[in-house]
Amino acid sequence: MFIIMVRPKKYRFVSAFPKILYFKPHGMLSELEEIEMYVEELEAIKLKDLDGLKQEECAKKMKISRPTFHRIYRRARKKIAEALINGKALKIERAAMVNKRVFECLICYYRWDQRGGSCPKCGSKKIRSNFMVR
Ligand SMILES: [Zn+2]
């Protein structure tokens, strides 16, 4: 679980950093146009298309509203279509990620940044660590 921070200071949760950061059409080396994709867009595609979740579930997982999820998802699909149809490269943004560790309680959802075995607020040991992304 990772968190992405988007201007202005909005957190979006993603389950993983992308493994592959660049896709390009085979044999098209010159004058290749690049489309920049954001990690949150990739996550939207993963949740909806790969994991087959409903939009409400996707939005919940990313901790954003359904209309916001829909907007991100539509934008992601459009970029992928653009790359496939018009032979453009897809570049996944990574520069904006910051490896700051964040802990989250799975019971009360409290978040803190100090390592520890239990939630400082409710004492639960059901915690997970995330990475904050900016
Ligand atoms: Zn707690």
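Let me start in a loop. Setting aside neighbours within four places in sequence, Glu93 is in contact with Glu36, Met37, Tyr38 and Val39. Where does Glu93 sit? In the loop between S5 and strand S6 (100–105). One of those contacts is worth a look. Glu93 and Tyr38 are 55 residues apart along the chain, yet their C-alpha atoms are separated by 5.4 Å.

Now the whole chain. Please keep in mind that this is a predicted model. The protein has 134 residues, and 20% of them count as buried. Its secondary structure comes to three helices and eight strands. In what order do they come? From the N terminus, the elements run β-β-β-β-α-α-α-β-β-β-β. Contacts reach across the sequence too. Take the contacts between residues at least 6 apart in sequence: 58% of them join residues at least 24 apart.

On to helix H3. H3 covers residues 66–86, which is 21 residues. How far apart should its ends be? At 1.5 Å a residue, H3 should span 30 Å, and its end C-alpha atoms are 30 Å apart, so the two agree.

Which residues of H3 are buried? Phe69, Ile72, Tyr73, Ala76 and Ala83. They cover an arc of only 100° around the axis, which means they lie on the same side of H3.

What does the buried side pack against? The partners are strand S3 (22–23), strand S4 (34–37), helix H1 (39–50), helix H2 (55–62) and strand S5 (89–92). Ala76 gives a detailed example. Not counting residues up to four places away in sequence, Ala76 touches Met37, Glu41, Leu42, Ala44 and Ile45. And what follows the helix? Gly87 comes after H3, with a positive phi near 60°.

Next, helix H2. Its buried residues are Cys58, Ala59, Lys61 and Met62. Seen down the axis of H2, they fall within an arc of 160°, so they line one face of the helix. H2 is followed by Lys63, and the phi of Lys63 is positive, near 55°.

How do H2 and H3 meet? Their axes come within 9 Å and cross at roughly 95°. Angles of 65 to 115 degrees count as roughly perpendicular. So H2 is roughly perpendicular to H3. From H2, the contact uses Gln55, Glu56, Cys58, Ala59 and Met62; from H3, it uses Arg66, Phe69 and His70.

Last stop, the core. The largest nonpolar core has 15 residues. Which of them touch the most other members? Ala44, Cys58, Phe69 and Ala76. H1, H2 and H3 are the elements that give two or more residues to this core. The largest share, five residues, comes from H3.

To recap. Phe69 is among the buried residues of H3. Phe69 also takes part in the contact with H2. And Phe69 is one of the core residues that touch the most other members. That's my tour.

Technical notes:
Residues numbered from 1 in each chain as written. Predicted model: local features only at pLDDT ≥ 70, side-chain atom pairs only at ≥ 80, totals over all residues. Helix = DSSP H or I, 4+ residues; strand = E, 2+ residues; numbered from the N terminus. Expected span 1.5 Å × (residues − 1). Buried ≥ 20, exposed ≤ 12 C-beta atoms within 10 Å, placed from the backbone. Arc of directions from axis to C-beta. Contact = placed C-beta atoms within 7 Å. Core = buried A, V, L, I, M, F, W, Y, C linked by C-beta atoms within 7 Å. Axes fitted to C-alpha atoms, helices over the stretch in contact; angles between N-to-C directions. Parallel < 35°, antiparallel > 145°, perpendicular 65-115°, else oblique.
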